[in-house]
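Have the structure open while you read.

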Amino acid sequence: MSTYAERAEQCTNQTAKKLLSLMEEKKTNLAVSPDVTSAAELLDILDKTGPEICLVKTHIDIITDFSPELINKMVELKEKHNFMIFEDRKFADIGNTVQMQYAQGIYHIVDWADMVNAHAVPGPGIIDGLKEVGESKGRGLILLAEMSSEGNLATGEYTEKTLQMAKDNPDFVIGFITMKKQLDDPNFINFTPGVKLVEGGDDLGQQYNTPAKVIGEQGSDVIIVGRGIYGADDPAAEAKKYREEGWKAYEGRL
Ligand code: 5BU
C-alpha cells in the first residue's frame, strides 16, 4: 500500500495534495469533529486538539452565536496548529441551488472550508455546480459513498454509482465518506466517521468502529472522531490517544 507521501505526489487536486502531505509531515490521520453549539467551545476544543489533528470537520450551522469573527479565529488556529478545514455540509440539491448554498448565505463556506461534502443523490449536476464555485479556489469535494448510521441507504448500486461520479471528476472530487477504502486509486482519500476506541453505537443509529479496524483492516485513510474526543474530560489527551492509535494502524498496514 502506498504511503500518504507517495499519494500526495500523485494527486491532481491541490487540497488533496496538501492534506496527504500534512498527514505525513505531522504524522496524524486524525480529524476531530467538535460538534458543539457555541463559538467559544468550538475554538477551545480546536486549540486544545489542534496539535494532534490533520483536519477539523465542522457543522457551522449548529453554532448558535455564529459571526464572521468565528471564521477568522478558526483560520488563526488553522495557521497556528497546521490543520485543514472540512465543512460537513452534506449538500444534496440541484447544481444551481448548491452553488448558492456553497458561496452565499451567511456562511460563505467556499471562502474558508478547504473541503466540503455532498450526497450523490441529485446526480452529477451537484458536482458541476459546486465545482464551478470551488475549483478556481483550489477546493476539494468529498462524496458520501457510504454512511456510518444503521439502515442507511448508501449501499450497493448507489455506492457504485457514486464512485463512478468521482472517477468522472478526479480534478475536484478528492475522496469519499466511507466505512472502508474505496477504489484502488491513490488519488481518492477515504474518510471514516463513526470511530471510537471501543466498538458500539448511540441510541440514534450511530455505529462505531475502532481506529485499528477502520485504518488497519478496512484500509481507510482518515478517522473522524466527535464525541469520543469532545465528550472526554480531557479532549487534548484523548485526541493524542486517537492519533496514536490511528497512526499505529497506518504504519502497521504499510
Ligand atoms: P460522533 O460524535 O463521533 O458520533 O460524530 C460523528 C460526526 O461525523 C458527526 O459530526 C456526524 O455528523 C458525522 N457523520 C457521521 O457520523 N456519519 C456519517 O456517515 C457522516 C457524517 Br457522512
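## The cavity

By class, six nonpolar, two polar and one charged residues make up the lining of the largest cavity. Here Ala, Val, Leu, Ile, Met, Phe, Trp, Tyr, Cys and Pro count as nonpolar, Asp, Glu, Lys and Arg as charged, and the others, Gly among them, as polar. The lining residues are Pro34, Asp35, Val36, Leu42, Thr58, His59, Ile60, Ile62 and Ile63. About 30 Å³ of space lies inside, and the structure holds one cavity of 30 Å³ or more.

On a 1 Å grid over the protein atoms alone, a cavity is a set of points where a 1.4 Å probe fits but cannot get out, while a pocket is an open set with protein on both sides within 12 Å along at least five of seven lines; lining residues have an atom within 4 Å of a point.

## What you're looking at

This is a predicted model: local features need pLDDT of at least 70, side-chain atom pairs count only at pLDDT 80 or more, and totals for chains, interfaces and linings use all residues. Residues are numbered from 1 along each chain as its sequence is written, and side-chain values use heavy atoms, with hydrogens and water left out.

## The pocket

The largest pocket has a volume of about 360 Å³, and 22 residues line it. Nearest its centre lie Lys57, Asp88, Ser148, Pro193 and Gln206. The lining splits into eight nonpolar, nine polar and five charged residues.

## The ligand

So what takes up the space of the largest pocket? That would be the ligand. Around the ligand sit 15 residues (each with a heavy atom within 4 Å), and the closest are Asp35, Lys57, Ser148, Tyr208 and Arg227. This shell divides into five nonpolar, five polar and five charged.

Now for some distances. A ligand nitrogen is 2.7 Å from an N or O atom in the side chain of Ser148. Ligand oxygen atoms turn up 2.8 Å from a polar side-chain atom of Gln206 and 3.2 Å from a side-chain N or O atom of Ser33. Taken alone, the ligand exposes 490 Å², and the protein buries 90% of that (areas by the Shrake-Rupley method with a 1.4 Å probe).

Notes
Points joined across faces, edges and corners; volume = space filled by probe spheres on them. Polar contact = N/O pair within 3.5 Å; in protein donor to acceptor, adjacent residues only side chain to side chain. Sits in = over half its atoms within 2 Å of the grid points.
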